[in-house]
Every structure is written in C-alpha cells, then in structure tokens.
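Welcome! Take a moment to look over the sequence and the model, and then let us walk through them together.

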Amino acid sequence: MYLNSDYKKIMSNKLIITVLIALLLVMIADPISILIQSINQPAVFEILGVNPFQYWILINSASFGSSVFYIGFFIFPVFFSGVIFHSEQSSSISQILISKKSKTKYYVSKAISFFSFTFIAFSTLLLINVVITYCIFPNTNNFTEQYQFYVPQEGTFAYMLYLINPGFMAVGYSLLNGLALALVSAFYYAVQLIAKFKNQYASLIVPVVLFYVISYVFDTLTFLWNYNLKLIIQPISASALTRIISAQDVGITFMIWLIIDIVLISIGIIRNRDIL
C-alpha cells in the first residue's frame, strides 16, 4: 500500500516533474548541440572525430549537458526525498498513514520508493542521452587521436566494460550513475529522518551541504580518490587520472554507501519512535 502511494506522490509532484522534464531536455539537447557544432565547424570535427563514444553526456566533460549534470549531482536527489517527506511530516498525513499499518513499514517504504524511483529516473534519462548520441553519430569506426584520450586505462573498471563494447561502457556508466544518485537520495532521506527538520528549506539544504562537505574531503585527500563516489562514477576519470580505479574499488565504495544508508535510516526510524 505504502509503495504505490509513494510512487504516485512522487510522480504527481509538480516540482519533481519540472526537474525531470528539464533534465530530459538537457539529455536531448546536448548531443544535438554537438551535431550543430560539427556542421558549423567540419574542419575541427574532422580532427576531433565523430565517434559517438566521445560525445555521450557523462564522458564529454566539455559539453554544457555534462556540466549541468555533475553540478546538479548534489542537488537533484534531494527533490525526491525532501519535498515529499517533509510535506507529510509537517502535516498529519504521516500519522494517518502510520496508523493504518506500522511506523517501520512506513519509513522503510519511503526509503525504497525514493531509492528505486531515483535510480529508474536518472538511469532512464542517461540512457536516453546515450541512444540519441549514438543515433546522431552512428560512425562507431571513426578513431582519431582525440578518441584515444577517452579510452580507459587497462585495469580500470571502465576498461573492463570498454573491452566488451564502448557502447556497453556507456550503458554501464549510465546505470552506475543512476545507482549513485539513488544512494545519495537515500542518504538525504536518512539525514532528514534523523534531523526531523521543521523548516522545508533546511530539509533541502542541510543534507546537500553535508554530502558536499563529505565529497570535498574525498576530493582533497588524494589517497581516498579510489573510493570517492562522485569521482569514480565519471568515466573520464578512468583515462584522465594516473591511478587505477578498479572494479573492486567501485564495488567497495558502493557497498560502503549502502551500509551507511541502511545504518542511518535505521537510526532515523528509532529516533522517530515518538511520532505516535
């Protein structure tokens, strides 16, 4: 009962719909803008190449779409948890829903719905970008010197996917980014659950700032780069960095964040025992 209700609330929220539509437009417009540049500057793109692997949004750090996505990485997940959860907590809706079944089921359902919806939504958006990019630039046999810059280093997680197929790597990283955003969304929900914010702006801003600070620490301490969530989900890091980010590093990082989310959400549920 709770899950169906949660999904309906998320999908009917005007702010969330607006964010998703705006991101969809970015995913579509980004490869189209590159196509327009290639038409206007054919000599430049003859040197750069027109292989689609170079231009999907997650790897092409020079595109406006990539900038929008990675700048908004900290912000996007909070809309899925912050808006819906706070509106219920600030009214009598949560008490009514909890009384129908149980407090634990109510909070766990929220965690599952926020996590799964975020994963599905962002994975779908990123996969749409990959499909459009490969349709606009169909020449997968166009290899230039610039193309080699995007080829991941041997031994990296990205290289393992690249060996199967460059397109498979694009799909894999789209799903990986969707999963990362889902974990961040669950983290934001856990913070909101523990803090029990009275102010909606605080419920949206504080979790984002907290995650930003954590990411900043990982960015600053180079020995932690292999476990930096925001860094390892960027495919360009597999070719641009001197260090090797292996499949094991990726697995450990995601497992740690999953455990952190579960522990924090459990603490939040215990802390909210007094809701009844």
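## A helix with one buried side

In helix 4 (residues 64-71), the buried residues are Gly65, Ser66, Phe69 and Tyr70. Their directions span an arc of only 120 degrees around the axis, so they lie on the same side of helix 4. Buried here means under 20% relative accessible area, with a 1.4 Å probe and protein chains only, and the arc is that of the directions from the helix axis to the C-beta atoms. An α-helix has 3.6 residues a turn, so residues three or four places apart point the same way.

This is a predicted model, in which local features need pLDDT of at least 70 and side-chain atom pairs count only at pLDDT 80 or more, while totals for chains, interfaces and linings use all residues. Residues are numbered from 1 along each chain as its sequence is written, and side-chain values use heavy atoms, leaving out hydrogens and water.

## The overall build

The protein has 14 helices and zero strands; helices are DSSP runs of H or I with at least four residues, strands are runs of E with at least two, and both are numbered from the N terminus. Along its principal axes, the C-alpha trace of the protein spans about 65 × 40 × 30 Å.

## Inside and contacts

Of the 276 residues in the protein, 50% are buried. Among contacts with a separation of 6 or more, 78% come from residues 24 or more positions apart, where contact means heavy atoms within 4.5 Å.

## The surface

The protein exposes about 12900 Å², and carbon and sulfur atoms supply 70% of that area, by the Shrake-Rupley method with a 1.4 Å probe.
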